[in-house]
Amino acid sequence: MTGLEGARQRWVRTGGVELSVAELGDPERPAVVLVHGYPDSKEVWSRVAPRLAERFHVVAYDVRGHGWSTAPRPLRGGFTLEKLTDDFLAVADAVSPHRPVHLVGHDWGSVQGWEFVTVPRARERILSFTSVSGPSLDHFGHWIKSRVSRPTPRRAGHLLGQGLRSWYVYALHTPVLPELAWRGPLGRRWPRMLERMERVPGDGYPTASLPSDAAHGAWLYRDNVRPRLGDPRPDAYAHVPVQLVTPLGDRFLSPRLHDGLEQWAPRLVRRTLSSGHWVPRSRPDQLATWIADFVTSVEDGRPEDRARGRYADRFGGRLVLVTGAGSGIGRATALAFAEAGARVVAVDRDTGAALRTAGEARARGATDAWAETADVADERAVEKLAERVTAAHGVVDVLVNNAGVGLGGAFLDTTTEDWKRVLDVNLWGVIHGCLHFGRRMAERGQGGHIVNVASAAAFQPSRALPAYGASKAAVLMLSESLRAELAERGIGVTAVCPGFVTTNITSTARFAGTDAAEERRRRRKAARLYGLRNYPPEKVAAAVLRAVVRDEAVVPVTPEARAAYALARWLPGVARRVARVKPPVGRARGA
């Protein structure tokens, strides 16, 4: 009956209606109440609820007039926020009579949730609130009034933009026509439209009750929108910690609606993600992770957001895997994601180095962090790594293929074994990561991002780096090609191309055609030159996070990398002449 596999069914009578309530998980654990939006029923949570039920007592109910719940009679005046608050309190009392509950709302479920957490009579019944794609009507009303009373071109743009997004609100206020449309052609076509617009998988959703749900739900708008927007409450302050999840691709709500929300919700944690409006269907894994972490933090008495990095709203709770994370750029990147609140998997051939990075990541604010040992040149090892990580932590949201080795020396001095070594790590290691982690991202169907760390050597030829430059140029072209292929799946791909960065790659780099003593001398020389350049890996890490947020294709890092990129694009002849210059490391003995 519920559409939520394994759920227990109960009925709650309140205000002349019967509400259909589904429960999963252990009733002795903290209760998480999920409230759906328009034109949905509780089945919108069918991909989120089972994930939460492993840790919590999960409750989802059909709002009055939706799903299996009965509709009020008459419909007019039967969907006011006051009556919806009565319904929620009745459900909370039935499923968790002795303990407050944690509230999660999507769309109109979130609109209701803002009402519940700002009215005095619900103060003792709620511990936390996660809001997804649904503003408070009171806050919305104050937002409109502030832009009308103090107009500027930007504020006028905000009003116009949201006004255009809200076209459906005006339509739903039209008498009779919305009901006829939903019970007719729109109701039949809506599932396919939703799948096309939002990339939402069908799997039995929406349910057969959609036409009546949508027809009844029109009264949510008619009973509440105009009264509240015209006369918003002046005291609509949230009395619990609030987690705000804002999908950046929402067709119906502008992120600007939440400007200044801290005024109304002082204990606010912000989250953003690249998704459309129906986050419970398109990103259930990420949403469930954020809800679980937030609820746990409130239960533990620490509702504040531990992540303090610049992009904490974007990466908090996301699963990020970084190869070559034991040192240098990989370590700095793993720690930067940790500071943004991500869950970090630090991968390195050196187990001790990976463990140190994971430990530091937890100290820097990572939701959690783990160390893994793998040689990216070994495909079977990467395949097993992908299997372990997916089974233990889920599908990776951001993959950073950073592991690499250096090789200098003339082409005629470079042996086929030298070539094999550098290509195995620098190119095949990236291919292995993209293949085994990227395939899982694509199969999940919920987007993601791949960062491949190449080098300025990818677009600046050099007589001293034929093998290294060729491997990084291949990584650049692989990234560009993969970006084109995966764009339709919502997966971004970025090639990050640093120049001279102070890392320990100089201590492990090899120089073809030299004996051991000469190679040690050149390593020391290279280390001194890189030290004089003194460009820290933390700046590259910052560029990586920025590139993921902006979905950039190619990112040269350091001034010399940007200059080389410009030369390759606009003055390739000059770049070829630069390639003939002998590097400082090799001049001393005529190399």
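Strands E3 (residues 31-35) and E5 run parallel and are joined by 4 bridges in this predicted model. On that side, valine 35 sits across from glycine 105 of E5. E5 also pairs with strand E6 (residues 126-132), again in parallel, this time through 6 bridges. Here valine 101 has isoleucine 126 of E6 as its bridge partner. To get from E5 to E6 the chain passes through helix H3 (residues 108-116), making a right-handed β-α-β crossover.

| Partner of E5 | Direction | Bridges |
|---|---|---|
| E3 (residues 31-35) | parallel | 4 bridges |
| E6 (residues 126-132) | parallel | 6 bridges |

How much of E5 itself is covered? Of the 6 residues in this strand (residues 101-106), 6 are buried. Side chains in a regular strand alternate between the two faces of the sheet. In E5, Val101, Leu103 and Gly105 point one way, while His102, Val104 and His106 point the other way, and all of them are buried.

What do they pack against?

At the start, a side-chain oxygen of aspartate 378 comes to within 3.1 Å of the backbone nitrogen of arginine 380. Just after the helix, glycine 394 adopts a positive phi of about 105 degrees.

Last stop: cysteine 497, which lies in strand E15 (residues 491-498). Is cysteine 497 buried or exposed? Its relative accessible area is 0%, which is under the 20% cut-off, so cysteine 497 counts as buried. Setting aside neighbours within four places in sequence, cysteine 497 contacts Ala454, Ser455, Ala456, Phe459, Leu476, Val554, Val555, Pro556, Val557 and Ala561. One of these, phenylalanine 459, is 38 residues away in sequence, with a C-alpha to C-alpha separation of 9.1 Å from cysteine 497.

Terms used:
Residues are numbered from 1 along each chain as its sequence is written. This is a predicted model: local features need pLDDT of at least 70, side-chain atom pairs count only at pLDDT 80 or more; totals for chains, interfaces and linings use all residues. Side-chain values use heavy atoms; hydrogens and water are left out. Buried means under 20% relative accessible area, exposed over 50%, partly exposed in between (1.4 Å probe, protein chains only). Helices (H or I, at least four residues) and strands (E, at least two) are DSSP runs, numbered from the N terminus. Two strands pair if DSSP finds at least two bridges between them. A crossover is right-handed if, with the strands pointing away from the viewer, the path from the first strand over the helix to the second runs clockwise. A polar contact is a pair of N or O atoms within 3.5 Å; within protein, one must be able to donate a hydrogen and the other to accept it, and residues adjacent in sequence count only if both atoms are side-chain atoms. Contact means heavy atoms within 4.5 Å.
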